[in-house]
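Here is a friendly walk through a protein model, meant to be read with the structure open beside you. Shall we take a look?

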Amino acid sequence: MNPTATTAESATTATATRPAGAGRALPPGFVLGAATAAFQIEGATHEDGRTDSIWDTFCRVPGAVVNGDDGTVAVDHYHRYREDVALMADLGLDAYRFSTSWARVRPDGGPVNPAGLDFYSRLVDELLGAGITPWLTLYHWDLPQALQDRGGWTDRDTAHRFAEYAVSVHEALGDRVRHITTLNEPWCSSFLSYAAGEHAPGHTDPAEAVAAAHHLLLAHGLAVEALRERDADLHLGITLNLTVSDPADPAEPADVDAARRVDGAFNRIFLDPVLRGEYPDDVRTDMAAHWPDGLVRAGDLATISAPLDFLGVNYYNGGATTGLTADGRPADATEPQATLGGRQRRSPFVGSEHLRAVPRGLPTTAMGWEVQPEGLTRLLVRLQQEYTGPAGIPVYVTENGAAFDDAPDAHGFVDDAERRDYVAAHLAAVTDAVDAGADVRGYFVWSLLDNFEWAFGYGKRFGVVRVDYDTLERTPKASALWYADLTHSRSLPGGRD
C-alpha cells in the first residue's frame, strides 16, 4: 500500500523546513543501541546443556548454507561476552538488544536448563554494570529441533510451549530486564522458512507457512498475556520486519495490485492481527488456496492483539514490484529457484508467487538490497497514522544496517564509509519521520559484530565491529567510531540541502 498524500506531504514539509547544513539533534531521550541474535554470535552450541535448534540441523543439510558454515563457534560471544560488553560501553550504547536461545534455556523444548539461564543472567549483570539497558528478544529463530520434529510452528501446541519458555526467562531475568520483545521477524520464521525454503527448517509448503505465521502470532499473544499477568509493569512488544511496497509503474493496474499484494503478505498480515485484531480480507483472499481450514479459532485474535507497549520495526529496504513479465504479459506463478547453496527454493509470497521485483537503479548493498532511506520515513509515518498512533504506542527501529564487502587494512581496521553513510542516512530518515509526527523513540544498528548471516554463512558482514573469523579478534570499524561520536554528541552532523 502506498502512503497517503498526507504522509508524503508531511514528510516532505519536515525536510523542506529544516535549515540546510544544520546539525540535527536527536529527540530527547532517544535510545541509541545495537542488536545481535543468539545463534548468530554465541557459539557453544553443545555446552552447558544446550541442544540442537532447527538452525543447527539446517546447517548440516548439504547446500543449505553457503560454504557449509554453521554456528558451532560463531564469534564465541558465549565465552567473550565480557569483552563484547566492554566494546558496547566504549561505543557509548544506551541499550543492547540480544536474544535468548530457546534451545539453551529449555533444551528440546523440555524442562528449564539452569546453566543456560545463568549465562544470560551473567550477561545482564555485565550490561547493567556498564550502564547499558538490556533489551531482550525471546525468539530469534532458534526453535528447539525436538519441537520441529513434532511439527514446529505448523503445530498449534508450539505456541503454548513458547509461552512456557517466555515465563521461564522472565522468572530468571525479569527483576533486571524490563524491555522484552516476543518475536523477531515472524515473516522470516514462517514464509521464508516454510514456503520459500531459504531458512530453517527449509520447507516449501505454502499451507505450512500460513499455519506457521498464525501460530507464531498466537505464541506472541499467549506470551504477552502470561507475562502481563505476572508483571504488569513490563515493557512488552514485538518486532516486525516491514517494507515499503511500490508499484513498478503506478499507472499499470497489474503493478498497483502487485504492490498491494506484497504489502499484504509482508506487512499487513502481521500488523493487522497484532494492532487491529483481524486478518485483512484481501490477504485472506490472496492466500485462500493455502489457508488451512479451522486455523484461526475463537479467541485467537483477541489473544494476538493483547495491548503492547511498543512496536519494534526492522527496516532494510523497500522495493518496486510488478505483476507482469519482462515483455509485459500477465505473469504466472514462478518456477522454483535455486538457493544460494543449490537447494530448491520457492517464492515466500503465498498466493502471489507470480510477482517479481523491479530494480530502480538505486545503490545496493552486498546483499543486493536497494538503499532507500526515504522509505523508512514513509513507513514510520504510515505506522503512526494507521497503526501505532491509534494504538497509542511508540516505535523503536530495532534493526537497520547494511552488509558491504569490507576490506581491512594491515591492522584489521575497516574504513567502511558506505556503512557509515547508510546508517547516517537512515537515522536522518528517522528524524524526518519524527518531525512529521511519528513517535519513534530509538534506533538499534544491525549489527554490533560481524556474525553468522544465516543462509549466507560468514560471507556477508553487517557488523560495525569487525571480527577476524580465524582469531576472533574484534576491531571497531570506522562506522563504529562514528556511531560512538553520535552516542556522545546526540546530534547528526550536517544537514541536507
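## Ground rules

A residue is called buried when its relative accessible area is under 20%, exposed when that area is over 50%, and partly exposed in between, using a 1.4 Å probe and protein chains only. Helices (H or I, at least four residues) and strands (E, at least two) are DSSP runs numbered from the N terminus.

This is a predicted model, in which local features need pLDDT of at least 70 and side-chain atom pairs count only at pLDDT 80 or more, while totals for chains, interfaces and linings use all residues. Residues are numbered from 1 along each chain as its sequence is written, and side-chain values use heavy atoms, with hydrogens and water left out.

## The barrel

Strands of a sheet pair through backbone hydrogen bonds, either parallel or antiparallel. Here, two strands pair if DSSP finds at least two bridges between them. In this model, 8 strands make a closed barrel in the order β2-β3-β4-β5-β6-β8-β13-β14, with parallel pairing. From one strand to the next, the twist averages 25 degrees; angles run from 0 to 180 degrees between N-to-C directions, with axes fitted as lines to C-alpha atoms, for helices over the stretch in contact.

Follow strand β5 (residues 179-184), where 6 of 6 residues are buried. On one side, β5 pairs with β4 in the parallel sense over 4 bridges, and Thr181 of β5 stands opposite Thr137. β5 is also joined by 4 bridges to the parallel strand β6 (residues 235-241), with Asn184 having Thr239 as its bridge partner in β6. Thr239 also stands opposite Gly312 in β8, and β6 and β8 run parallel, joined by 5 bridges.

## Two helices on the sheet

Helix α14 packs on the sheet and touches β8, β13 (395-400) and β14 (440-446), its direction making about 155 degrees with that of β8. Contact here means heavy atoms within 4.5 Å. Of the 14 residues of α14, 11 are buried, so the helix is largely enclosed by the rest of the structure. Among these buried residues are Pro373, Arg378, Arg382 and Glu386.

Helix α16 (residues 417-435) lies across β2 (31-35), β13 and β14, at about 165 degrees to β14. Its 19 residues reach 27 Å from first C-alpha to last, close to the 27 Å expected at 1.5 Å a residue; the expected span is 1.5 Å times one less than the number of residues. Buried residues of α16 include Arg419, Tyr422, His426 and Asp432. Just after α16, Gly437 takes a positive phi of about 110 degrees.

## Aromatic rings

How many aromatic pairs does the structure hold? There are 33. Rings of Phe, Tyr and Trp (its six-membered ring) pair if their centres lie within 6.5 Å; planes under 30 degrees apart count as stacked, over 60 as edge-to-face and the rest as tilted. Trp135 and Phe310 form an edge-to-face pair, because their centres are 5.3 Å apart and their planes stand at 65 degrees. Trp135 lies in strand β4 (residues 133-139) and Phe310 in strand β8 (residues 310-314), so the pair ties together parts that are 175 residues apart in sequence. Both Trp135 and Phe310 are buried.

The rings of Trp187 and Phe349 have centres 6.1 Å apart and planes at 45 degrees, so this pair is tilted. Trp187 is buried, with a relative accessible area of 7%, and Phe349 is buried at 17%.
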